Amino acid sequence: MKNHLSAHQANDIIAGERTEQQIARLNKIITALMDRAERSMSQQGSDFGLFQATLTLEDEVEQRTQELTEALAENKKITQSLYELTASLKDEIRQRKRAEALHAGQYQIQELITANIPLKQVLRQITAWIESHSNGGIASIVLLASDDKTISDCLAPSLPQEYAQALTGVQIGPQTGSCGTAMYFNKEVTVEDISCDPLWTNYRDLALENGLRACWSTPITATSGQVLGSFAIYYRQPQLPDADQREMVSGAVHLAGIALERARSEERIHYMAHHDALTGLPNRTQLQDRIDSAIEMARRHTSHTAVLMIDLDRFKHVNDSLGHHAGDEILKEVAERLAECVRDSDTIARLGGDEFVINLPDIEHDYSASMVASNILQQLEKPFFIRKQQLQLGASIGISMYPEDGDNADDLLRTADTAMYAAKQTGRGQYCYFTEELNKAAHEHIVLLSQLQQAIKNHEFCLYYQPLYRLSDDRLVGAEALLRWQHPQRGLLAPGHFLYMLEEHGLMADVGSWVLQQGCAQMATWLQHGHSNIRLSINLAADQFYRGNLVAEVEDALRRNKLAAEHIVLEFTETVLLRNSESIIATMKALKMMGVKMSLDDFGTGYSSLSYLHSFPVDQLKIDRSFIQATNEKKITLDIVTSIVRLAQSLGIQSVAEGLETPEQKALMKQLNCDYGQGYMLGRPMSAENFSRLLNGDRPMAIHKNDG
Ligand SMILES: Nc1nc2c(ncn2[C@@H]2O[C@H](COP(=O)(O)O[C@H]3[C@@H](O)[C@H](n4cnc5c(=O)[nH]c(N)nc54)O[C@@H]3COP(=O)(O)O)[C@@H](O)[C@H]2O)c(=O)[nH]1
């Protein structure tokens, strides 16, 4: 509809005015004609003249009357059309005002949403906005809980409070009033008369007691289609919504959807920023807040707060061997077991990996922390059953206390971590309190790590070689390459000082690659010097297998040094075999196909599962030196060593006795028909130069106790 006169309508108005002027003019003409007739009759005195004049006058009057009637009819039409035009203009103005008011309300709500005003305030504003345009309708918004089954809240400022409260907690279903049913089916539900509608059977009395007779409800959904709540309008008399109301409510539902979706994503982001995704426990950020609050409380109450840093023992081993999914299952169960050891007011957090932290606020004495720590150790000692396997883990715990060990969250976490590290060193399954001495040790640890990183850059590593002899005829048959660190201040260091750190900090695979290249280069040199009857054993770390490019690395080392595969033996421990994965088996088989011999190191100390020997292509078993050294003390150890040698013989593979220190040990192993021997009694690890001398039949120079 237009709000201005069309050209046609304007013409009509002008035509109306013209008609009035014509009538006035006609009256004047009639008067003039009458005068003329009178005058003519008196002047001519003739009857004919009068007759003629009368006729003319009548014709003119008739014609003018006709014109006048037409003009009047035209005028009436114009008046009618003017009346209609005014009515439609009034309607248009009313509609426009309503639309403007709606838009203003909509705009205001959009602004509230973008200004991050609390959700409930926004939703109340939406209900108020709709009510102000609903002629007595009562607006309400109910929210669906995250379980998608129950009403978590009802926001309806104009509904009776008793009624709104009664809706909270109601389970939605196919016959749960208008809102519950609308959310259940994700469909608009219109009930004209609550008093007789079957959807309201269970809630009818409640609604009628509160004076509610009709209700139509529209689900509020997220962009994904997920139902978030419902928007409803109640009436106090049986009624259906009209077209205007429908249009309005569809806008309100849209806005409520945006507000709810936005609030949910913000909640989600906040949750993710403060929780660990795997276990749902608080993360470091939230833990720090909780420790800060606990410190504040302890300060006010002049009490204490304790921080327990918990690290699982053998977790890395399980993770490496069974894979990350199994590891994740263990972590979730650990979280559950920890929850059983603490009060609701305590905080359990996961910092990542297998590191958990517990904060005990407001405790009187460290005795409480010790009680909790002992309980946790007991709980985590119990076996885990993962994928039909029983696993024994355990934990180490470090404890720090406010105010003694720190007056802020960072310091308490750091000191608890230092104590935890000490607990691990003193033997697993222990708890340990922070002390100043530990602080010093932790500092040294950090220094050593940075020196180790420098050592890699500055090529401070070298290899030592320990001779290997055939026991039947004492012939030198090879050597084992052993890593050494030429420390700038501390001198030559054996792996015991630093290998664990390389492993802990993920540096072992790179150092292992260097050992492989360097060992092959040295072996190639000895070959060039005519020593073709020896083999070099090279240790492989588990991480070298897990990295996935071991076969290519070995091929590369052999090719670069023009070395045949038969000149090297690769040693690995059972840790590698624990991850009984297709890829580890494939790697071993590929190495074996290349002609490389594989030796299982430290046999007897780990799981020593016979199934490994069946699945993996092993050529040699190295009996751990702890068995060899205990043979003269315990009969059972002698029996074990005898069995391992026999096992190797029956499998058609070689056996090597490690750590031979006395002639008796050597004699015993020879008597048992063990193939090879290695140990201080036969030769300590020595430099490449000294080993070359040994190969040449010379006495190695200056081999004394400290040479490696
Ligand atoms: N992944 C890699 N592991 C390596 C590498 N180099 C060494 N290692 C492993 O470190 C562990 C300690 O090695 P090390 O301090 O060199 O000790 C070796 C010998 O010195 C020692 N040994 C040998 N004979 C005796 C003995 O008679 N008595 C005694 N007390 N110790 C002795 O044993 C170590 C060799 O053991 P093994 O490898 O099991 O044959 C050790 O586990 C090394 O494997 C490396 O480059 N990569």
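**Entry 1: the cores**

Which residues have the most contacts inside the largest nonpolar core? I looked this up first, keeping in mind that the model is predicted. The largest nonpolar core has 80 residues, and F545, L570, M669 and F691 are those with the most contacts inside it. Helix α15, residues 508–528, gives this core its largest share, eight residues.

I then picked M669 and listed its contacts, leaving aside its neighbours within four places in sequence. M669 touches L471, I623, I628, V641, V645, A657, L660 and C674. I also found a second, separate core of 34 residues, which includes V334, I358, A373 and L377.

**Entry 2: the whole protein**

Next I stepped back for an overview. I noted 24 helices and 21 strands in the protein. Of its 708 residues, 47% count as buried. I also looked at contacts with a separation of 6 or more, and 64% of them join residues 24 or more positions apart.

**Entry 3: a sheet of five strands**

In what order do the strands of the five-stranded open sheet stand? I read the order as β7-β8-β6-β11-β12, with mixed pairing. Strands β7 (347–352) and β12 (431–433) stand at the edges with a single partner strand each, so one side of each has no neighbour in the sheet. Neighbouring strands here are turned by 20 degrees against each other on average, direction ignored.

I wrote a reminder beside my sketch: strands of a sheet pair through backbone hydrogen bonds, either parallel or antiparallel. Strand β11, residues 395–402, let me look at both kinds. With β12, strand β11 pairs in the parallel sense over three bridges, and I397 stands opposite Y431 in β12. Helix α12 (residues 409–425) packs on this sheet, touching β6 (304–312), β8 (355–363), β11 and β12. The direction of α12 makes about 145 degrees with that of β11. On the β6 side, β6 and β11 run antiparallel and are joined by eight bridges. There I found L308 opposite I399 in β11.

**Entry 4: is β11 enclosed or open?**

How many of the eight residues of β11 are buried? I counted eight of the eight, so this strand is largely enclosed by the rest of the structure. In a regular strand the side chains alternate between the two faces of the sheet. I checked each face of β11 with that in mind. On one side A395, I397, I399 and M401 are buried, and on the other S396, G398, S400 and Y402 are buried too. Both faces of β11 are covered.

**Entry 5: around the ligand**

Then I turned to the ligand. I found 26 residues surrounding it, and the closest are E480, R484, R625, E661 and Y680. I looked up some polar atoms as well. A backbone N or O atom of L483 lies 3.0 Å from a nitrogen atom of the ligand. From a polar side-chain atom of D601 to an oxygen atom of the ligand I read 3.0 Å. For K622, an N or O atom in the side chain is 3.1 Å from an oxygen atom of the ligand.

**Entry 6: one histidine**

Is H274 buried or exposed? The relative accessibility of H274 is 17%, so it counts as buried; the cut-off for buried is under 20%. I located H274 in helix α7, residues 243–274. Leaving aside neighbours within four places in sequence, H274 is in contact with L281, P282, N283, T285 and Q286.

How values were computed. Residues numbered from 1 in each chain as written. Predicted model: local features only at pLDDT ≥ 70, side-chain atom pairs only at ≥ 80, totals over all residues. Heavy atoms only, no water. Pairing = 2+ DSSP bridges. Helix = DSSP H or I, 4+ residues; strand = E, 2+ residues; numbered from the N terminus. Axes fitted to C-alpha atoms, helices over the stretch in contact; angles between N-to-C directions. Contact = heavy atoms within 4.5 Å. Core = buried A, V, L, I, M, F, W, Y, C linked by side-chain atoms within 4.5 Å. Buried < 20%, exposed > 50% of the residue type's maximum accessible area, 1.4 Å probe, protein only. Near = heavy atom within 4 Å. Polar contact = N/O pair within 3.5 Å; in protein donor to acceptor, adjacent residues only side chain to side chain.
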